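Me: Hi! Could you walk me through this model? I have a few quick questions.

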Amino acid sequence: MTRIKLTKKDTVHGNLILVNSQFPLARLFDLKKMVSVTGGTPDIRMEETAANLLLDLLECTHCRDEITVVSGFRTQEEQESIWKDTLKKKGLVFTRKFVAVPGCSEHETGLAVDLAEKNKPVDLVCPSFPYNGIFQTFRNAAPRYGFVERYPAGKEDITGIGAEPWHFRYVGYPHSIIMENRHMVLEEYVLFLKEHTDFGNPYIYRTSGADIEISYIPVADDYPMILAVPDDASYMISGTNEGGIILSIWGEGRKGYEEDLRGD
Ligand SMILES: [Zn+2]
C-alpha cells in the first residue's frame, strides 16, 4: 500500500478547487509557475498541465486559426484593476454579473481561460464565443481534454456569475466528462461527490479501460489523515477549497481507505 499524508493545506491545491464568492482563494498562485499559451505578446499564461492540454485541444480541433486566447492567469492586482475598470465603465450590476471580486476569480489559479473569435475586435470582458461552427466543435471536444464551460446559462443562481460562453475551466479528466454528462457545474459536482461518496463507497466512472473510482473525503482541521492506496494503482488527489479532497483511483477494485491516526 502507498500511504499519502494529507492535511488541511492539501485542500486548497489541485484541479478541482472551487473558487467563487463563497470560497475565495486560500493562497496566492505564483506567476513564475505558469507557462505561456501564446508564446509571445501578449504573454498569456496558465498552469502547466492546463496550458498543454489547451494547446492540444486547439490543435486537434483545428481551431488555432479561428480561436484566440484572451485571458489566462491573472494576479490579484490584475483582477483588481479589471474589477475597478469595468465598474467605472459599465457600473456595478454589470461588473457583479461578469467580473469576479478579486480573490474570488478562477483566473487567479491559472486553471481558467477566456477565448474569443480570432480576427475580430475583442471585447475583453465579454468576448464573442458563439454556440456554432468551429467554436461549438471546440466546446464539444473540451471535456475530453479536461475542460468545461464553467458558467453556462441556466446555472447563474448556482455559480453566482452570468452566462459566459467564452470562459473555460480546467478540472481534469474524467471529472470534465462526468460534469458534462450530468450537466453539473463545479459547485454541483463537488456537492454531488460530497453527498454520495465516501471511503469504500466511491462514485465509479466506467471506461473501456480501467474503472475510475472517485471519492470525496473531508479533511479535519486538527489532525493529518493518511490515505492508503494499492501500490499498483494510479491515483490523483485534488483539494476542493471547501474543506475536502477528491481522490480518484484508476483500476478495478482499487478502493483506498483511511487509516485512523487519532489514537497515535
Ligand atoms: Zn474568464
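Me: Let's start with A233: is this residue buried, exposed or partly exposed?
Reply: This is a predicted model, and in it A233 counts as partly exposed because 18 C-beta neighbours lie inside 10 Å. The cut-off for buried is 20 or more.

Me: Where is A233 found?
Reply: A233 sits in the loop that links β10 (225–229) to β11 (234–239). The C-alpha atoms of A233 and I249 are 6.6 Å apart, with 16 residues of separation along the chain.

Me: OK, and N241, buried or exposed?
Reply: N241 is buried, because 23 other C-beta atoms lie within 10 Å. This residue is in the loop between β11 and β12, and N241 has a positive phi of about 65° although it is not a glycine.

Me: What about N119, buried or exposed?
Reply: N119 is exposed, with 9 other C-beta atoms within 10 Å. Its phi is positive too, about 65°, and N119 is not a glycine either. You'll find N119 in the loop between β5 and α4.

Me: Let's go to sheets. What is the strand order of the open sheet with β8 in it?
Reply: The order is β8-β9-β12-β11, 4 strands with antiparallel pairing. β8 (203–205) and β11 are the edge strands, each pairing on one side only. From one strand to the next the twist averages 20°.

Me: Which helix packs on that sheet?
Reply: That's α7 (residues 186–196), which touches β8, β9 and β12. The direction of α7 makes about 85° with that of β9.

Me: How many bridges join β9 to β12?
Reply: There are 7 bridges between β9 (residues 212–218) and β12 (residues 244–250), and the two strands run antiparallel. As for facing residues, I217 stands opposite I245 in β12, and I214 stands opposite S248 in β12.

Me: How many of the residues of β9 are buried?
Reply: 6 of the 7, so β9 is largely enclosed by the rest of the structure.

Me: Nice. What's the strand order in the open sheet with β4 in it?
Reply: That sheet has 4 strands in the order β4-β5-β7-β6, with antiparallel pairing. Its edge strands are β4 and β6, each of which pairs on one side only. Here the twist averages 45° from one strand to the next.

Me: How many bridges are there between β4 and β5?
Reply: β4 and β5 (residues 112–117) pair over 4 bridges, in the antiparallel sense. V69 stands opposite L115 in β5.

Me: Switching to α4: which residues of this helix are buried?
Reply: In α4 (residues 133–141), F135, F138 and R139 are buried. Looking down the axis of α4, its buried residues fall within an arc of 100°, so they line one face of the helix. On the other side of α4, G133 and N140 are exposed.

Me: What covers the buried residues of α4?
Reply: The cover includes β4 (67–71) and β6 (147–151).

Me: Zooming out, which domains does the assignment give?
Reply: Domain 1 covers 2–13 + 187–259, and domain 2 covers 31–170. Their centres, taken over C-alpha atoms, are separated by 28 Å.

Me: And how many helices and strands does the chain have?
Reply: The chain has 7 helices and 13 strands. Of its 264 residues, 37% count as buried.

Me: Last one: what radius of gyration does the chain have?
Reply: The chain has 19 Å, which agrees with the value near 18 Å that a compact globule of 264 residues would have. Along its principal axes, the C-alpha trace spans about 60 × 40 × 35 Å.

Notes: Residues are numbered from 1 along each chain as its sequence is written. This is a predicted model: local features need pLDDT of at least 70, side-chain atom pairs count only at pLDDT 80 or more; totals for chains, interfaces and linings use all residues. Domain bounds come from an automatic or database domain assignment. A residue is buried if 20 or more other C-beta atoms lie within 10 Å of its own, exposed if 12 or fewer, and partly exposed in between; C-beta atoms are placed from the backbone. The arc is that of the directions from the helix axis to the C-beta atoms. Two residues are in contact if their C-beta atoms, placed from the backbone, lie within 7 Å. The radius of gyration is taken over C-alpha atoms; the globule rule is 2.2 Å times the number of residues to the power 0.38. Two strands pair if DSSP finds at least two bridges between them. Axes are lines fitted to C-alpha atoms, for helices over the stretch in contact, and angles run from 0 to 180 degrees between N-to-C directions.
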